[in-house]
Amino acid sequence: MSTEPEEVEVPGVEERPRLLSVEIGDWPGLGGNVGFTLGERRTVLVGRNGAGKSLLMEGVWRAVGAAAFGPEPGFPRFFRCEVAIPGTSALQYEYRMGSEDAGDKEPHALDSKRSKRRRIPSWSERCWRSDDGAELWRIADGTIVQQGAGPRPFQHGEGLLITVDADFDGPGEVLTLADFLAGFDMVPAGVPRSGGDRREIVVRGSKNEAGTHDWSLGPDPNVGFAGGIVHMWEHDTEQFEELVELLRDLDLVRNVKVELYEGPQAVRNAAEHRTYATVLFDGVNFGLCSDGTQRVTSILRQLIREDLSCLLVEEPETAVHPRLLGKLLGVIESYSFDRQVVLSTHSPEVVDWCGPTGLRIVERLEGQTQVHGLGSEELARVHRYLADEGTFSDFVYRWSEA
């Protein structure tokens, strides 16, 4: 008896890069460097409260963001990952940042389509092929050495991945890796509501030169999330309809409607023309919908991104009815053929859905978070346990509490 979903090849699904392993370090709370391998499609982190699951998920998310878009305050100062690239050797990538404080440095403009960030002189970075160790590039002390070329100044003060674009003339793996890491996203625990208040959400927008709108995403999770739905509705009709169809399949919503109206500023001052939008689920403002509806919608919205490579989801069971959770896991499973998902959970249902090979145990030992999978001896114990009609989650939680 096996509880693990069967891995099935789907014809017509494009093979994409895949994260094999990840490691972060110098990240407060973990007690040292922490790394783990990933399942081919799904990975589930399970452990006691305080083991470090949330810290680890957020650390990975921030580290990938630092590599792909530039460092933000409070990111891990060490990051390493291995990525399988279709048609070539797997790549290993890492960055390190020294203790030099970049806060007093002048802003440095990057000639980049990805981002413009502050210069960090102590940033070092390298990428090499896993099979033969051949380096594609190395950055240190303001100098870059690329494969097939000699040293040259690299004044950006950050990584190569941040600067590359479609016109990049270096090794093709560089652009592939940059796009792959840029395709990470995360859904944190809880619902997209700040302060715990339930209120109507109104999104403000302004017309741009193309005749469409720039919608205010803002720092407020309420407005930002609804603004993302409005942006999808206006700019990507196919993806918006996909989201609505999934919500219908889950029996959460029958109809999703976006309503636009002009604000009074448009009458007083044409230069301050404003358009406002509301998102209605079956006629109810999205801000007034149940926690479970908001939670599932937030997961689905990220999951259907065409450029998504890996989605990190903290505790998908939060505020979600057990029956709905099973349906949601089915949707996640269907989308994981060409993208990876990493979940942290306290839910036996999620553990059973994951199965033994994708499970990672997170423990706190001697003040340090550690992560490991199930070894061959433990897997044999699982099979014996399942043969006696026990569930995988029963085994995991009894074993982890022993």
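How many helices and strands are there in the protein chain?

## Overview

The protein chain has 11 helices and 19 strands; helices (H or I, at least four residues) and strands (E, at least two) are DSSP runs, numbered from the N terminus. This is a predicted model, in which local features need pLDDT of at least 70 and side-chain atom pairs count only at pLDDT 80 or more, while totals for chains, interfaces and linings use all residues. Residues are numbered from 1 along each chain as its sequence is written, and side-chain values use heavy atoms, with hydrogens and water left out.

Of the 402 residues of the protein chain, 48% count as buried. Buried means under 20% relative accessible area, exposed means over 50%, and partly exposed lies in between (1.4 Å probe, protein chains only). Among contacts in the protein chain with a separation of 6 or more, 63% are between residues 24 or more positions apart; a contact means heavy atoms within 4.5 Å.

## Nonpolar cores

A nonpolar core is a set of buried Ala, Val, Leu, Ile, Met, Phe, Trp, Tyr and Cys residues joined through side-chain atoms within 4.5 Å. The largest one has 53 residues, and the members with the most contacts inside it are Val256, Val279, Phe281, Leu300, Ile332, Trp353 and Leu359. Helix H8 (residues 322–335) supplies the largest share of this core, 7 residues. A second, separate core has 50 residues, including Ile24, Leu45, Val64 and Phe154.

Leucine 300 belongs to the largest core. Not counting residues up to four places away in sequence, leucine 300 touches Leu243, Leu246, Leu247, Leu250, Leu328 and Val331.

## Packing of H7 and H8

Helix H7 (residues 291–303) and H8 pack at an angle of about 5°, and their axes are 11 Å apart. Axes are lines fitted to C-alpha atoms, for helices over the stretch in contact, and angles run from 0 to 180 degrees between N-to-C directions. The angle makes H7 roughly parallel to H8; angles under 35 degrees count as roughly parallel, over 145 as roughly antiparallel, 65 to 115 as roughly perpendicular and the rest as oblique.

On the H7 side, Val296, Ile299, Leu300 and Leu303 meet Leu324, Leu328, Val331, Ile332 and Tyr335 of H8. The residues of this contact divide into 9 nonpolar, no polar and no charged. Here Ala, Val, Leu, Ile, Met, Phe, Trp, Tyr, Cys and Pro count as nonpolar, Asp, Glu, Lys and Arg as charged, and the others, Gly among them, as polar.

## Aromatic pairs

The whole structure holds 10 aromatic pairs. Rings of Phe, Tyr and Trp (its six-membered ring) pair if their centres lie within 6.5 Å; planes under 30 degrees apart count as stacked, over 60 as edge-to-face and the rest as tilted. The rings of phenylalanine 75 and tryptophan 123 have centres 6.4 Å apart and planes at 40°, so this pair is tilted.

Phenylalanine 75 lies in the loop between helix H1 (53–69) and strand S4 (78–84), and tryptophan 123 in strand S6 (residues 123–129), so the pair ties together parts that are 48 residues apart in sequence. Both phenylalanine 75 and tryptophan 123 are buried. They also take part in one aromatic cluster, formed by Phe75, Phe79, Tyr93, Tyr95, Trp123 and Trp137.

## Partly exposed residues

Glutamate 349 is in helix H9 (residues 348–354) and is partly exposed at 31% relative accessibility. Leaving aside neighbours within four places in sequence, glutamate 349 is in contact with Pro322, Leu325, Gly326 and Leu329. Its C-alpha atom is 8.2 Å from that of leucine 325, 24 residues apart along the chain.

Valine 191, in the loop between strand S10 (184–187) and strand S11 (203–207), is partly exposed with a relative accessible area of 23%. Valine 191 touches Asp291, Gln294 and Arg295, not counting residues up to four places away in sequence.

## Positive phi values

Aspartate 282, in the loop between strand S14 (275–281) and strand S15 (284–285), has a phi near 50°, a positive value in a residue other than glycine. Alanine 319, in the loop between strand S16 (310–314) and H8, has a positive phi near 65° and is also a residue other than glycine. Aspartate 282 is partly exposed, with a relative accessible area of 30%, and alanine 319 is partly exposed at 43% relative accessibility.
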